[in-house]
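Please consider the following structure with its sequence alongside. The discussion begins at the ligand and then turns to the strands and the backbone.

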Amino acid sequence: MTDKKLRELLNDMTLEEKVNQLVQIPGSYYDKNASVTGGIENSRFSETQRSQAGSILGITGAKTLRQIQETYMENHPHHIPLLFMLDVIHGLRTIFPMPLALGATFDPNLVELTAQAAARESAVSGIHVTFAPMADLVRDARWGRVMESTGEDTYLNSLMTAAMVSGFQGNHPGEPERIAACVKHFAAYGKPEGGREYSNVELSEHALREFYLPAYESGIRAGSELVMASFNTLNGIPSSGNHWLMQKVLRKEMGFDGVLISDWASIEEMIHHGFCQDEKEAAKKAIEAGVDIDMATTIYANHLAGMVKSGEITEACIDEAAYRVLRLKNRLGLFENPFKDGDEDKEKEVILSGEHRALARKAARESVVLLKNEKDVQTGKKLLPVNSEEIVAFIGPYVQSKGLHSTWAIKGRAEDAVSIREAAEENMVNENVMFACGCGMMNRDNGMILKRHIDETLTEADLGIFDEQTEKQIEREALEAAAKASLVVLCLGEHRLLSGEAASRSDIGIPMVQLELFRKVSEVNPRIVTVIFGGRPLDLREISEKSMAVLEVWLPGTEGGNAIVDVLTGAYNPSGKLPVSFPYSVGQIPVHYNEYATGRPLNGKEDIAFYRSRYLDIPNHPLYPFGYGLSYTDFVISPVELSRKTIGGAEKSLKAFVTVKNAGSRKGTETVQLYIRDIAASVVRPVKELKGICKVTLEQGEEQKVEFEITEEMLQFHDADGRLTSEPGSYLLWIDNSSDTEAGAEFALERKEHI
Ligand code: BGC
């Protein structure tokens with residue numbers, strides 16, 4: 001439909017019809033299997049409101065959505081189609097690794113492909129919009145939604161957010177098998193106080209602009225059709241009513257012209273925050289801030305029309321929001337084809353297709369991070385990859401578990417997943433492998449807490465807990481297997497229900513029941529490879545110290561087992577890098593590599609002087625730093641060379657380069673990382689910031705030059721007045737394979753007038 005026609009349609013609509021476009025109802029009105037991610041009181045929407053609301057969230061399926069659409073359009077005075085939205089976060093039915101794991105691939109192209117596959121499965125199932133990507137910067141592993149972010153770094157998050165938007169939308173969301181993206185949660189939802197879900201965010205405007213906003217902006221520049229407002233307050237103002245944030249920063253400065261949707265009931269929650277006295281005030285503040293759609297409450301539905309009539313808000317406000325919603329429907333092509341790609345036959349063909357499974361396996365293996373791999377003193381060889389002669393005992397609650405996807409894989413099914421056991425039986429010599437569960441997934445008391453908070457109907461089997469007698473028996477079997485084996489692969493970690501929305505934790509350790517098993521096994525057989533699952537960086541101190549090798553495998557998705565066995569056997573050489581620092585202990589949080597230097601920084605890790613910025617009982621450094629990850633081969637990176645020492649004058653940039661050599665004994669992939677530090681500036685700058693990445697795959701003995709172009713733009717930051725600028729002076733630059741790197745090269749930016 002032309003824009004002119006769309007405007008004519010808008011002009012023809014009654015005020016009530018226009019308001020209806022701004023109302024989103026939960027799918028549970030239509031389908032008892034709808035995903036519900038917030039409080040729900042179905043009776044609140046009247047029959048008319050429910051049948052006229054402009055969009056629905058949480059349901060999927062080509063057949064169901066077609067039926068709903070047909071009935072809705074028949075009854076709609078202007079036959080305007082509905083929008084169907086769903087949280088498709090890391091896949092619809094083919095589940096890719098959780099977003100934090102995707103961050104660990106350091107590969108935006110691959111991440112784009114996973115989003116594209118997720119879009120394809122969703123589109124054929126009748127979905128029009130996904131509530132993804134989550135661009136929130138996270139530096140606190142206690143927060144359960146760390147799994148849904150791509151980590152602690154502004155640059156990496158920006159790349160990944162843009163990649164996901166492109167993957168979902170392609171060049172245009174109206175294209176076949178694409179859906180519209182929604183960058184969320186604007187803004188700074190990833191920094192709740194104390195890591196506690198839904199708690200408040202206090203953040204200087206400087207830090208907000210410098211570190212938190214760029215990833216959202218990157219998604220918007222990539223063309224995201226929607227943005228979602230966050231639940232949190234930002235410096236005292238809830239986002240859904242934050243006029244400055246939405247009108248000035250989002251709409252004006254970032255130029256976002258698409259649909260702004262609230263989070264689940266976040267408009268209503270402004271009353272609980274104590275920011276609005278009643279529903280009418282909440283409606284007024286939200287619509288005037290520019291929030292177009294009210295998700296899951298009746299606030300807009302009940303109040304907006306009346307408030308226009310009483311003159312409390314203008315009709316222009318409603319027109320603007322309704323126009324944006326109609327325009328989104330039009331961009332998706334729904335006026336021409338209200339079902340878009342929804343097609344039952346295609347659903348069968350596309351969902352969990354061989355192609356998607358292969359991509360899920362690729363993404364999962366590229367997300368695995370090898371944290372430790374020691375040499376065996378007897379054989380003189382590193383423990384991994386597992387030698388085909390070894391007799392391997394796979395032990396732990398994750399050996400047989402198919403709970404390999406996060407709580408945000410709403411439509412993912414455990415039965416579709418490949419467990420480690422299944423993969424090992426398929427891909428390893430059967431006589432050489434044994435399997436034992438060893439212990440439960442969590443202690444009984446933790447299981448009961450989850451049951452109480454999440455769902456009373458969760459069974460002991462769902463939670464992975466056993467009675468005392470079974471515990472004893474499976475432990476005995478595990479210890480026997482460990483004693484018989486030449487090598488133990490312990491598959492441990494946090495249950496999937498312990499991360500995700502509303503799953504903040506103050507204890508980020510391995511569950512005690514598993515740690516006890518680990519201790520007992522290590523007494524029987526110290527040749528241990530530990531494979532760690534979970535939705536957050538866990539406290540791995542003891543595991544890391546007592547295991548000879550450690551693999552971080554996150555929540556790896558449908559093809560998790562296959563991917564992990566590929567890595568264990570060496571069919572794939574691990575290449576993942578940490579997108580977050582793994583804290584030494586919870587007391588170190590927040591810990592991230594790109595901190596500011598204090599006035600009394602440590603002078604190297606060995607500095608023991610007293611009056612320094614440090615903890616007395618733990619190191620400042622995380623257990624494993626951002627950007628870190630080993631390979632089965634050895635890469636040697638030469639010292640950095642610069643094409644010139646300054647940027648300025650006629651020369652707008654300089655080249656920084658290294659040679660990367662595969663000095664080990666097999667093919668492998670290294671992620672070369674560029675970091676820069678502004679040595680002195682008008683505001684203090686981080687000790688190091690990631691500014692470039694380059695993945696290189698080299699055969700044994702092969703070498704390759706890796707070059708980065710350094711431009712003035714890369715040196716820009718927000719000064720004390722909030723201006724984006726760069727300042728002349730000296731800079732340090734590192735090119736290495738982790739953020740933990742020492743030897744940098746120096747260059748200078750000459751005065752601006754010379755540039
Ligand atoms: C979450 C959003 C999600 C929405 C809809 C909320 O609880 O914060 O991220 O998109 O529910 O399911």
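Predicted model: local features only at pLDDT ≥ 70, side-chain atom pairs only at ≥ 80, totals over all residues.

For His185, a polar side-chain atom lies 2.6 Å from a ligand oxygen. Asp263 has a side-chain N or O atom at 2.6 Å from an oxygen atom of the ligand. In the case of Glu501, the distance between a polar side-chain atom and an oxygen atom of the ligand is 2.8 Å. Each of these pairs counts as a polar contact because the cut-off for a pair of N or O atoms is 3.5 Å.

Is the ligand buried or exposed within the protein? Taken alone, the ligand exposes 310 Å², and 99% of that area is buried by the protein. The site of the ligand is the largest cavity.

Attention now passes to a sheet. Five strands form an open sheet in the order β19-β27-β26-β21-β22, and their pairing is mixed. At its edges are β19, spanning residues 646-647, and β22, spanning residues 689-698, each of which pairs on one side only. How does β19 pair with β27, in the parallel or the antiparallel sense? The pairing of β19 with β27 (residues 745-749) is parallel and runs over 2 bridges.

Most residues other than glycine have a negative phi, and most peptide bonds are trans. Against that background, the bond joining Ala132 and Pro133 is cis, with omega about 10°. Pro133 is found in the loop that connects β4 (129-130) and α7 (154-169). A cis peptide bond also runs from Ile589 to Pro590, where omega is near 0°. The loop holding Pro590 lies between α22 (560-569) and β17 (635-637).

Where does Ala265 lie? Ala265 belongs to the loop between β9 (259-261) and α10 (269-273). Its phi is near 65°, a positive value in a residue that is not glycine.

How values were computed:
Residues numbered from 1 in each chain as written. Heavy atoms only, no water. Polar contact = N/O pair within 3.5 Å; in protein donor to acceptor, adjacent residues only side chain to side chain. Areas by Shrake-Rupley, 256 points an atom, 1.4 Å probe, with all protein chains shown as cover. 1 Å grid on protein atoms, 1.4 Å probe; cavity = no way out; pocket = protein on both sides within 12 Å on 5 of 7 lines; lining within 4 Å. Sits in = over half its atoms within 2 Å of the grid points. Pairing = 2+ DSSP bridges. Helix = DSSP H or I, 4+ residues; strand = E, 2+ residues; numbered from the N terminus.
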